[in-house]
Amino acid sequence: MTIALIDVNNFYASCERVFNPALTGRPVVVLSNNDGCVVARSAESKALGIPMGAPFFEIEKEFRRRGGVALSSNYPLYADMSNRVMSILADFSPDQEVYSIDECFLGMAGFRDFTSIGQNIRHKVKRWTGLPVCVGFAPTKTLAKLANHIAKKHPEWRGVCDLTALSPSEQDGLIGGIDVAEVWGVGRRIGAQLASMGITTVRQLRDANPARIRRAFSVVLERTVVELQGTPCLTLEDVTPPKKQIMVSRSFGNPVYALQDLEHAVGAFVARAAEKLRSQNSCAGSILVFAQTSPFRDEPQYARSLTVPIAMATDDTLTLTHAALTGLAALYRDGFAYAKAGVLLSELVERERVPQDLFMCEQQRGKSAALMATLDKVNARFGRGALTAGAASAQGIWRMRQRKKSPCYSTRWEDLIRVKG
């Protein structure tokens, strides 16, 4: 079966340009939490040599001199635009795996003329959302990712690469000039190790002995080699498997000193983690809470975490919040400037597999489930945080700095674009 990989080009920057055409043609970067580092770049920013992860304060002066625009991360906007793209792509195949916020695999069994299908996908996504995408077709997921990469690097192919339509010699010519680090799952560190073995290109990795690669690295990289050779090892996942752990953490916009402020932050993190937990129909058997100072500041340092077991696995926000705050009170030390905190839900099990608590009656369990269902419905309708536990503060000095954030054009009524006649 042929597999397609659809990837939105420069996703965050492209989302911003959909609603602000004045950004078109200008270098754009999107910044991480608290406007710290570059996490996304437009093609123009890449051309300027702006590296991914660069601290913005180091490049800001020169970047602005070159006409660049920096924006805070606008996650509600990006999530909504992602959902729109994925819903469009679902119309092209019944076999869909949403791999990330801007990437999607499609199973193409029974289809032909993949180049025409790819152009149709690009046209429809662009027309309906304003976002540019590239499409790669190949017999395995690893090769489909590679085909997508090739489509981006060869403008003459108009954003679509169908490896199945190329002869073996044409494929050899293409992948013989691609750095091995570009292969899905390889990256720079493993790429450097492969280079020490004389493997520097994708073609060389494809032609390597899988057993040798397994002995030197792992079965995972062996599968990558087999996939590059055209034999599928990775199947499409129609349903995203439940996460085994759920973490929510943030760096603070300002130093936090008081326990009460830390409690508000941790309460908000638990609320978000519990919402994710319920969305995948799971319950947590323990919660880890941590708080730490900034290692980049010249001041007393402190960092500690504590795991709090939960007697009966639960998805109840109030129960999880109580456990987290109990752990936070135990690890908190006065006199430190806390810069980050977070929670980690572990020992996750399906809700239906949680043993019944002999000390909790059916009515109590029903009340908890009904309350959580109401909480999720209210927040889904009126926005996250509309209804929370008392410990989860909607405001506070711990909130992220997002001074360059664009409006939530598609998720908040007050941010809708108004056209004057």
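Rings of Phe, Tyr and Trp pair if their centres lie within 6.5 Å. In this predicted model, Phe11, Tyr12, Tyr75 and Tyr78 form one aromatic cluster. Phe11 and Tyr12 contribute from helix 1, and Tyr75 and Tyr78 from helix 4.

Helix 1 (residues 11-19) packs against helix 4 (residues 75-89) at an angle of about 90°. The axes are 10 Å apart. Helix 1 is therefore roughly perpendicular to helix 4. The contact residues comprise 9 nonpolar, 1 polar and 1 charged.

Across the whole structure, 15 aromatic pairs are found. Tyr302 and Phe336 are one of them: the ring centres lie 5.0 Å apart and the planes meet at 25°, so the pair is stacked. Tyr302 sits in the loop between strand 10 (282-293) and strand 11 (303-314). Phe336 sits in the loop between helix 13 (317-331) and strand 12 (338-346). The two residues are 34 residues apart, and the pair links distant parts of the chain. Both Tyr302 and Phe336 are buried.

Tyr302 also pairs with Tyr338, here edge-to-face, at 6.2 Å centre to centre and 85° between the planes. Tyr338 lies in strand 12, so this pair ties together parts 36 residues apart in sequence. Tyr338 is buried, as is Tyr302.

Lys124 lies over the face of Trp128, at 4.6 Å from the ring centre. The charged end of Lys141 sits over the ring of Phe105, 4.8 Å from its centre.

Conventions: Residues numbered from 1 in each chain as written. Predicted model: local features only at pLDDT ≥ 70, side-chain atom pairs only at ≥ 80, totals over all residues. Heavy atoms only, no water. Axes fitted to C-alpha atoms, helices over the stretch in contact; angles between N-to-C directions. Helix = DSSP H or I, 4+ residues; strand = E, 2+ residues; numbered from the N terminus. Parallel < 35°, antiparallel > 145°, perpendicular 65-115°, else oblique. Contact = heavy atoms within 4.5 Å. Nonpolar A, V, L, I, M, F, W, Y, C, P; charged D, E, K, R; others polar. Phe/Tyr/Trp six-rings, centres within 6.5 Å; stacked < 30°, edge-to-face > 60°. Buried < 20%, exposed > 50% of the residue type's maximum accessible area, 1.4 Å probe, protein only. Lys NZ or Arg CZ within 6 Å of the ring centre and 35° of its normal.
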